[in-house]
Amino acid sequence: MTGTAPFRILIAVLLAPCCVWAQTSVKDIAGAWRGEFTIQDTIKVPFNFEIDESGKVILLNADERFQSGTVTIKKDSLFIPLDQFDNELALRIHKNGELSGRLEKQNQAGLNVPLTPRKGTPRFKKKTPPAKDISGSYVVEILLSNGKKEKSVAIFKQDGAKLTGTFLKQSGDARYLEGTVNGNRFYLSSFIGSTPGYYEGTVTPTGEISGFQAGTKIRYPFSRKYDPTAEPGDPFTLSHLKPGYSSLSFSLPDIDGNKMSLHDKKFRNKAVIIAITGTWCPNCIDEAAFLAPWYKKNKDRGVEIITIHYERQTDTAFAHKVMRRFRNRFDIEYTQLFGGYATGDSVRATLPALASFRAFPTTLFIGKD
């Protein structure tokens, strides 16, 4: 007996790994989920998503259902592609069925945000009944990292403890935010595959609002007061031509590498909409979701659309890959051009007639004349 014991122990050790792990299936993970990112070491940013039995993932923010990719399971790992932003959720499946992992770039470079998902829990936990209904509009000043103040308008809609809303600026908005009101404090978050967004603040009985906006690398304080007439300002004042210029002039490659210009025959004697955009930009997604079907309905009326993409990489193969994804997602039929790297300097270099450029997206309307 003593001579065979080591052999029996060795057999047990060799067999143990194959008996512990059982392959997780898509059906095992189908259902409603709550994810929680950790940003800046201590800030917890929750979001909700669903996985159906085919593996498709829907990201949930207020009234928006944003379709992501389809789950892939490889042994003890689960991947959710976020192709719109060239990101992915890379998760480990633990023996108890729980998940943990991170938000990362699809090439595993430049982004690493810790993430813990759990099944079937609410976005924010209810702690204290709301002190008041904070529905309405608020004039907000956001203090940027360069010391400048940026005007914004916060719009809230409260139903019991549930809070939805957004922050509007001349240059764009915070899209669909969802959260809660606990006592006199409010919490809002959003995630559609780019980076998590988070807002936290306090509202006083007199309508004063203060708090902060946070992302993976930013934390901007904000403050101001309730104002039912608040508006973000006229966006048509943001961009115009420099003195001495009467038109735009550019020659840029399209999605197939062919150079195109505003002076090409396709655009002559037509009204033209030029959208300065990028596939990585959440507000640009909203613009494409509107422009793509609008163009199909109106292209026979003598109007054309040109989108000039400025991307996170200057590599042509990468740019064409993400632009094609963008085209396929929104069924785009209008012209897509590649302008270069996603900076204001790149925009000003390719469109030197513009007197100013403030934000992605910027939409220019050029008359038929």
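How many bridges join strand 21 to strand 24, and do the two run parallel or antiparallel? In this predicted model, 5 bridges link strand 21 (residues 271–277) with strand 24, and the two strands are antiparallel. One of the pairings sets Val272 against Ile366 of strand 24.

The pair belongs to an open sheet of 4 strands, ordered 23-22-21-24, with mixed pairing. Strand 23 (335–341) and strand 24 (362–366) are the edge strands. Each has a single partner strand, so one side of each is left without a neighbour in the sheet. From one strand to the next, the twist averages 20 degrees.

Two helices pack on this sheet. Helix 3 (residues 282–298) touches strand 21, strand 22 (303–311) and strand 24. The direction of helix 3 makes about 155 degrees with that of strand 22. Helix 4 (residues 316–330) touches strand 22 and strand 23, and its direction makes about 140 degrees with that of strand 23.

At 1.5 Å a residue, its 15 residues should span 21 Å, and the end C-alpha atoms are 21 Å apart, which agrees. Its buried residues are Phe318, Ala319, His320, Val322, Met323, Phe326 and Phe330. An α-helix has 3.6 residues a turn, so residues three or four places apart point the same way. The cover over the buried residues of helix 4 includes helix 3, strand 22 and strand 23. Just after helix 4, Asp331 takes a positive phi of about 55 degrees.

Phe318 and Val322 are among the residues lining the largest cavity. Others in that lining include Gln84, Phe85, Asp86, Lys105, Trp280 and Arg312. The volume of this cavity is about 60 Å³. The structure holds 3 cavities of 30 Å³ or more.

The largest pocket is a separate topic. About 1,600 Å³ of space lies in it. Its lining has 49 residues, and those nearest its centre are Ser194, Thr195, Trp280, Pro282 and Arg312. Strand 11 (149–159), strand 12 (162–169), strand 13 (172–173), strand 16 (197–203), strand 17 (208–214) and helix 3 each supply at least two lining residues. Strand 16 gives the largest share, 3 residues.

Now the backbone. Most residues other than glycine have a negative phi, and most peptide bonds are trans. Where are the exceptions? The peptide bond from Phe360 to Pro361 is cis, with omega near -10 degrees. Pro361 sits in the loop between helix 5 (344–350) and strand 24.

Ala62 is not a glycine, yet has a positive phi of about 50 degrees. Ala62 lies in the loop between strand 3 (56–61) and strand 4 (64–70). Its relative accessibility is 23%, so Ala62 counts as partly exposed. Arg175, also not a glycine, has a positive phi of about 60 degrees. Arg175 is placed in the loop between strand 13 and strand 14 (177–182). At 10% relative accessibility, Arg175 counts as buried, the cut-off being under 20%.

Finally, the whole chain. The protein has 5 helices and 24 strands. Its C-alpha trace spans about 100 × 60 × 40 Å along the principal axes. Of its 369 residues, 47% count as buried. Among contacts between residues at least 6 apart in sequence, 55% join residues at least 24 apart.

How values were computed
Residues are numbered from 1 along each chain as its sequence is written. This is a predicted model: local features need pLDDT of at least 70, side-chain atom pairs count only at pLDDT 80 or more; totals for chains, interfaces and linings use all residues. Side-chain values use heavy atoms; hydrogens and water are left out. Two strands pair if DSSP finds at least two bridges between them. Axes are lines fitted to C-alpha atoms, for helices over the stretch in contact, and angles run from 0 to 180 degrees between N-to-C directions. Contact means heavy atoms within 4.5 Å. The expected span of a helix is 1.5 Å times one less than its number of residues. Buried means under 20% relative accessible area, exposed over 50%, partly exposed in between (1.4 Å probe, protein chains only). On a 1 Å grid over the protein atoms alone, a cavity is a set of points where a 1.4 Å probe fits but cannot get out, and a pocket is an open set with protein on both sides within 12 Å along at least five of seven lines; lining residues have an atom within 4 Å of a point. Grid points are joined across faces, edges and corners, and a volume is the space filled by probe spheres set on the points.
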